[in-house]
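Have the model open in a viewer with residue selection ready. The stops below cover a pocket and then some aromatic rings.

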Amino acid sequence: MVRFKHRYLLCEVVAEDPRCRRCIDERAVTTAAKGALARAYGDYGLACCSIAFTVKYLNAYTGVVLLRCRKDFYRLLWSALPLVTHLESRGQRHPCFFHTLHVGGTIRSCQKFLIQYNRRQLVMLLNSCTNKEERESIQKSLLGCFLQEAEEEQFQSGEEEDDCAETD
């Protein structure tokens with residue numbers, strides 16, 4: 001049995017009106033991406049990328065989308081994504097485009113990148129704050145991210161110690 005390798009494209013849906021991102025679903029993203037593939041590469045490109053194309057993750061509030069396709073054809077998808085000009089969902093047409101943030105070989109690498117990306121965005125927001133309340137709420141969010149990660153590391157190291165104690 002042969003294992004097929006995949007590539008994961010981490011994208012951000014950028015729209016003029018951020019409220020329209022809440023109406024986006026997986027079917028709309030799939031339809032838009034396949035339509036862009038068909039326009040750019042015709043039936044050949046659509047067939048190549050449709051074999052294992054899926055939307056693995058979609059966060060409608062932040063507009064983050066994780067797309068999976070075969071390793072051999074991810075460049076076709078990557079180059080067709082800028083041709084997406086709108087998403088259709090629930091009978092409405094929302095003008096937007098995809099901004100590719102990262103291309104990775106695993107979901108975990110995309111998750112790590114997304115954490116770093118979100119931290120950088122929070123720091124940029126912190127620098128552009130106008131009043132004290134905004135600054136405090138963003139600082140609290142930043143500290144929450146760091147503390148949660150430190151707690152997870154302690155929890156994981158605690159599990160490893162427990163495992164070692166059980167084997168002795």
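Start with the second largest pocket, which holds about 230 Å³ of space. A pocket here is an open set of points on a 1 Å grid over the protein atoms alone, where a 1.4 Å probe fits, with protein on both sides within 12 Å along at least five of seven lines. The model is predicted: local features need pLDDT of at least 70 and side-chain atom pairs 80 or more, while totals for chains, interfaces and linings use all residues. Residues are numbered from 1 along each chain, and side-chain values use heavy atoms, without hydrogens and water.

Select E12, R21, T62, V64, Y117, N118, Q121, L122 and L125, the pocket's lining (residues with an atom within 4 Å of a point). Helix α3 (residues 107-127) gives the largest share, five residues. Domain 1 (6-106) and domain 2 (113-162) each supply at least three; these bounds come from an automatic or database domain assignment.

Keep Y117 selected; Y117 is buried, at 15% relative accessible area (buried is under 20%, exposed over 50%, partly exposed in between, with a 1.4 Å probe and protein chains only).

Next, show the aromatic rings, where there are two pairs (centres within 6.5 Å; planes under 30 degrees apart are stacked). Select Y74 and W78: this pair is stacked, 6.0 Å centre to centre with 25° between the planes. Y74 is buried at 13%, whereas W78 is partly exposed at 38%.

Note on methods. Points joined across faces, edges and corners; volume = space filled by probe spheres on them. Helix = DSSP H or I, 4+ residues; strand = E, 2+ residues; numbered from the N terminus. Phe/Tyr/Trp six-rings, centres within 6.5 Å; stacked < 30°, edge-to-face > 60°.
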